[in-house]
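Below is a brief report on a predicted model. It covers aromatic contacts and strand pairing.

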Amino acid sequence: MRPSCKLLLYLLLIASCHDEEEDEEREQTRANYWRAQIVLAGAGTVRTSSEVFDCVGNGRLQIGSCGPTLVAFDELHPPLLRAIAAPRWRFDHWEAQIRSPYGFVRLRVGPMPTGTVYIDGFGYADTGELETVRAVFTRSQ
């Protein structure tokens, strides 16, 4: 192979790799959307570090930023919901259901998070679906 052909082939390979890296970076910063609403059962708080959600309940009422809210975020910084139990209460579990714009309701697909942090809702477009996330707190013994 002539040296000029080798050089051209080398440059094409470098350009191809560079394009793949740019595509991956673009995908990571591409906007994701999640429309969610928080419901509390028992006494506690659910919030995100960005304060998009900061929902507080005392077992009867809930106040604060509970949604429904459409959240736009990049893939590397998803909105993590954190459950924080009130004194004499403990966080028990998460529940979630998704309502389509047409009124159909289904349960969240996949395993439910088992700890105090909840994550879901990755989508590259706003589909109009609303995820109702329920944090269940029970009284401590």
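## Aromatic pairs

There are four aromatic pairs in the structure. A pair of aromatic rings is described by the distance of the centres and the angle of the planes. Two of the pairs are set out here.

| Pair | Centre to centre | Angle between planes | Geometry |
|---|---|---|---|
| Tryptophan 34 and phenylalanine 53 | 6.3 Å | 65° | edge-to-face |
| Phenylalanine 91 and phenylalanine 137 | 5.7 Å | 75° | edge-to-face |

Take tryptophan 34 and phenylalanine 53. This pair links distant parts of the chain, 19 residues apart. Tryptophan 34 sits in strand E1 (residues 31-41). Phenylalanine 53 sits in the loop between strand E2 (43-47) and strand E3 (54-58). Both tryptophan 34 and phenylalanine 53 are buried.

Now phenylalanine 91 and phenylalanine 137. Their planes stand at 75°, over the 60 degrees cut-off, so the pair counts as edge-to-face. Phenylalanine 91 belongs to strand E7 (residues 89-99) and phenylalanine 137 to strand E10 (residues 130-139), so the pair ties together parts 46 residues apart in sequence. Phe91 and Phe137 form one aromatic cluster together with Trp94 and Tyr118.

## Two tyrosines

Tyrosine 124 has arginine 30 over its face, 3.9 Å from the ring centre. Tyrosine 33 is part of strand E1. Its relative accessibility is 29%, so tyrosine 33 counts as partly exposed. The C-alpha atoms of tyrosine 33 and glycine 128 are 9.9 Å apart, although 95 residues separate the two along the chain.

Which way do E2 and E3 run? They are antiparallel, joined by five bridges. Alanine 43 has asparagine 58 in E3 as its bridge partner. The hairpin of E2 and E3 has six residues between the strands. There, glutamate 51 takes a positive phi near 65°.

E3 also pairs with strand E4 (residues 62-65), again in the antiparallel sense, over four bridges. Opposite aspartate 54 stands serine 65 in E4. Three residues lie between the strands in the hairpin of E3 and E4. In this hairpin, glycine 59 has a positive phi near 105°.

Technical notes. Residues are numbered from 1 along each chain as its sequence is written. This is a predicted model: local features need pLDDT of at least 70, side-chain atom pairs count only at pLDDT 80 or more; totals for chains, interfaces and linings use all residues. Side-chain values use heavy atoms; hydrogens and water are left out. Rings of Phe, Tyr and Trp (its six-membered ring) pair if their centres lie within 6.5 Å; planes under 30 degrees apart count as stacked, over 60 as edge-to-face and the rest as tilted. Helices (H or I, at least four residues) and strands (E, at least two) are DSSP runs, numbered from the N terminus. Buried means under 20% relative accessible area, exposed over 50%, partly exposed in between (1.4 Å probe, protein chains only). A charge sits over a ring if NZ of Lys or CZ of Arg is within 6 Å of the ring centre and within 35 degrees of the ring normal. Two strands pair if DSSP finds at least two bridges between them.
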